[in-house]
Amino acid sequence: MRVTDVSLSAKNPATLAVDALVIGTCTTSDGLAVIGDQLPTELARHFESVAPTLGLTGAPDEVRAFPAGPDVKADVIVLTGLGEREPDNTFTPESLRRGAGAAIRSLAGSKAVAVALPSADETELAAIAEGVLLGAYAYTAYLTGDAPAKKAPPVTVDIVTTLGRSSKAKTAVDRAAIIAAAVNATRDLVNTPPNVLYPASFADAAKAAARDVKGVKVTVLDDKQLLAGGYGGLVGVGQGSTRPPRLVKVTYKPVGAAKPERSIALVGKGITFDTGGISIKPSAGMAAMTMDMAGAAVVLHTVLAAARLGVNVAVTAYLCLAENMPGGGAARPGDVITMRNGTTVEITNTDAEGRLVMADGLADAVTDGADTIIDIATLTGAQMLSLGLRTSGVMGNDGGAVRDAIVTAADTAGETMWAMPLQPELAPLLKSDFADLLNAPNERWAGMSIAGTFLREFVAKTPWAHIDIAGPAFNEKAPYGYTPKCGTGVGVRTLVTYLESL
Ligand code: BES
Ligand code: MN
Ligand code: ZN
């Protein structure tokens, strides 16, 4: 995909000869207001006075384009709603990010764009840059003819800011570009069709993505090594497919630091397609299960972004890759498997495969000596039943210490995550008559926390958090703000922000 080129400009936006100039609007008690003095005053007042006729309110995701007229050099003015102001008259970084993203999304196919939204400080400027770069995403790998060009994001975007080109402003925008690139690369992996992205090709993609990143090492365990190493979860889930499983470890160590203070493990679910296996899913909606590797894509691109940003902690991503298919070799309900850490598991439902592959990754993170483990997975439909399509569930051990730190990082990063409990009454549901655990109890309620409780068995005493992104990873509804259809890349911004906070 073409990457939009973002630069900063301190010029008067009315003087910029661009295809489109993006201006913010907001909702006030007197109706719509055009924000700032970015437009000639007459023109701004004119937009405000005709807003009721046009049905414009300044609400989030309200994006409308107008011919610019003679007083502005741009061809078109795009008004993008930022919603209501905060009590201190500013806009939250997230409303700027969304407003910028929605406007840029509407400008697919155009060449030069300028964005003049209010940026009082570097945080606001970075949010605008992130929104621009996240909105400038299109997955066009399998379109032919002129379709890719029509969907392609703007070639250049000038962000107009009174912060000019100070070094602080530049640093903030550089960070935004690294993070947005990681999110967009995650989206690309999620959107890659499942016949193209399978465990071995995912492992190759991880190696290719890490090639030029300083301080990063990739190791791949193939199916023979997984069998020999006793990775019963990955082997058991992968054995119904002709395309065998992989465990990929991507390690970053801060360059120069003799001994980094901390070492963090990020474990991601990488089911490249989830048919459910022998406990097969209904065909309606099954195609969406191409996204069941989103967690693995998130941890891969998080560790690479962390390396590019030079965070001060060691980070290892564990990509637990398998395809859950019902082939002749597939695991059956009733099978008992032995996991990497020796725990035996009775498979009661082959569609609860995520927790099986994750268990092996978590167990390795423990033996590799991680002092904190965070896992991220499209683990349960129950996540969507409890929190909806846009809010990820976060669970953890250790009194919720890591869980709460993740929720805080999400709040800072502009992702929506919510702390959920692992209730003590759930653990007995995982008792099996024949093995140490069963993978899916016959229980209707609290499915997200039951899955989290299962994973907890594999982290020993290591402080740990589990993020269930089943709904938020993949947007099957209309695009909104900077969020496209299909792969969203949710989790990268939170995890990078968390790593930076250590
Ligand atoms: N990958 C699914 C979870 C999922 C469902 C993610 C829908 C995104 C959208 C997972 O492997 C699964 O099938 N979970 C089962 C577990 C059950 C069998 C205990 C579920 O949630 O129904
Ligand atoms: Mn499943
Ligand atoms: Zn799954």
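Student: In this predicted model, which residue has a polar backbone atom 2.7 Å from an oxygen atom of ligand 1?

Tutor: The contact pairs an oxygen atom of ligand 1 with the backbone of the protein, at 2.7 Å. That separation falls within the 3.5 Å cut-off for a polar contact. The residue is glycine 381.

Student: How much of the area that ligand 1 exposes when taken alone does the protein bury?

Tutor: Taken alone, ligand 1 exposes 510 Å². The share of this area buried by the protein is 77%.

Student: Which elements give two or more residues to the shell around ligand 1?

Tutor: One is a strand that spans 263-274. The other is a helix that spans 381-387. They are β10 and α11.

Student: How many residues of the shell around ligand 1 are charged?

Tutor: The shell holds 17 residues, and among those that come nearest are Lys281, Asp292, Asp351 and Glu353. By class, six are nonpolar and four polar. The charged residues number seven.

Student: How many charged residues are in the lining of the largest cavity?

Tutor: This cavity holds about 70 Å³ of space, and its lining includes Val237, Ile278, Met325 and Leu356. The lining has seven nonpolar and five polar residues. The number of charged residues is given as no charged residues.

Technical notes
Residues numbered from 1 in each chain as written. Chains lettered and ligands numbered in written order. Predicted model: local features only at pLDDT ≥ 70, side-chain atom pairs only at ≥ 80, totals over all residues. Heavy atoms only, no water. 1 Å grid on protein atoms, 1.4 Å probe; cavity = no way out; pocket = protein on both sides within 12 Å on 5 of 7 lines; lining within 4 Å. Points joined across faces, edges and corners; volume = space filled by probe spheres on them. Nonpolar A, V, L, I, M, F, W, Y, C, P; charged D, E, K, R; others polar. Near = heavy atom within 4 Å. Polar contact = N/O pair within 3.5 Å; in protein donor to acceptor, adjacent residues only side chain to side chain. Areas by Shrake-Rupley, 256 points an atom, 1.4 Å probe, with all protein chains shown as cover. Helix = DSSP H or I, 4+ residues; strand = E, 2+ residues; numbered from the N terminus.
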